[in-house]
Amino acid sequence: MLQKGELVAIPTETVYGLGANALDTKAILRVYEVKQRPHFDPLIIHVFEMNEALKYADLKDERLKKLAQKFWPGPLTLLLPKKNIVPDLVTSGLSQVAVRVPKHELTLQLLKQLNFPIAAPSANPFGYVSPTEPEHVNKQLGDKIDYILDGGKCTVGIESTIIGIEDGEVCVYRLGGLAIEDIEKEVGKVSLRINNSSDPKAPGQLKDHYAPNKPLYIGNLDELIAKHSTKKIAAICFGKTPSAKQNVTYFYLSEKENLKEAAINLFSFLRRTGEGDLDVIVAELLPEKGLGRAINDRLRRAETKTL
Ligand code: TXA
Ligand code: MG
């Protein structure tokens, strides 16, 4: 199917991707169209191993090489100087291409059978929460794409961490499924360049991404619940068991306060709370460490902005 330019949703450990032959411009155009994604927002290409990445990009920086060796396959995307074989449409004309080796057996097997990489943004309409289950993809894009490869629930649940080099420094452009602490253990201090605007460096990091269908407010849960006492509330909480209230449905990211478990649950909770019969979503931030930072980043982007 992919050989014929068709679109296939692929499972990865982070989130489901909307996959197409990365060397086929027509197929890539369809990805942008189906996602309703602006052409200035480039795509990640997926390959099955580091040597394969070298066909499409240069991996000369020793620090990035070390990270690739240590964390691929895994939730790490590297921004690397692109080779000519990669169409400009994939990188939105940028000189670097985003590359990663996903840690999912089905998709790795698929990639090994193909003689091209798979370009895949998250398989959700632009601006919406990323899908972590095949059913999420089916609901939103099922009638617009050719196939969904069912690889079960994603085991990380939050998108990959994006790393590159700028001014000679290792930089993080998107917080994600690989914690900064793990990266710093390998390459020392990194610089955070997380975009909160429409800066073209990582355009997908627009501030309003992940918007759920209901207003979402972040803060102290008790205070927020008191403030919205006349409404039906969905409360996304981390560990503690708050006292039951009639107008509140609680969604526990992880009762054991485990950040990995919280990451796995986050996007499906944002979907469920957004789709359910509730008026407002309230959420508390997690500790700013490990995957907690990436989770907080997504919650802040999902928050309803008041002007
Ligand atoms: O975990 C993931 O990374 C998932 C799975 C499917 O691999 N993919 C994903 O793709 O999250 P997407 O398209 O939803 O997010 C990719 C991000 C966007 O913010 C995009 O702007 C940035 O990566 N990006 C891609 N190529 C880039 C490039 N050449 N330079 C700068 N940023 C780039
Ligand atoms: Mg996305």
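Helices, as counted here, are DSSP runs of at least four residues in state H or I, and strands are runs of at least two residues in state E, with numbering that starts from the N terminus. Counted in this way, the secondary structure of the protein chain, which is a predicted model, comes to 10 helices and 14 strands. The radius of gyration of the chain is 19 Å, close to the 19 Å that the globule rule gives for 307 residues, so the chain is as compact as a globular protein of that length. Taken along the principal axes, the C-alpha atoms fill a box of roughly 60 × 45 × 35 Å.

Within this overall form, the domain assignment divides the protein chain into domain 1, which covers 8-192, and domain 2, which covers 216-302. The C-alpha centres of domain 1 and domain 2 are 28 Å apart, and where the two domains meet, 26 residues of domain 1 are in contact with 16 residues of domain 2. About 1600 Å² of area is buried between domain 1 and domain 2, and carbon and sulfur atoms give 57% of that area. Of the area that domain 1 buries against domain 2, Val 129, Ile 158 and Leu 175 supply 33%, which is more than any other three residues.

The rule finds 2 salt bridges across the interface of domain 1 and domain 2, and the side chains of Lys 139 and Glu 275 meet in a salt bridge with an N to O distance of 3.5 Å. On the side of domain 1 that touches domain 2, α6 (134-141) and α7 (180-187) each supply at least two residues, and the largest share, 3 residues, comes from α6.

Two details of the backbone remain to be pointed out. Most residues other than glycine have a negative phi, and most peptide bonds are trans. Against that background, a cis peptide bond joins Trp 72 and Pro 73, with omega at about -10 degrees, and Pro 73 is placed in the loop between α3 (62-71) and β4 (76-81). The other detail concerns Gln 36, a residue other than glycine whose phi has a positive value near 55 degrees; Gln 36 is found in the loop that runs between α1 (25-35) and β3 (44-46).

Conventions. Residues numbered from 1 in each chain as written. Chains lettered and ligands numbered in written order. Predicted model: local features only at pLDDT ≥ 70, side-chain atom pairs only at ≥ 80, totals over all residues. Heavy atoms only, no water. Domains from an automatic or database assignment. Contact = heavy atoms within 4.5 Å. Buried area = accessible area lost by both parts, 1.4 Å probe. Salt bridge = Lys/Arg side-chain N within 4 Å of Asp/Glu carboxyl O. Rg over C-alpha atoms; globule rule 2.2 N^0.38 Å.
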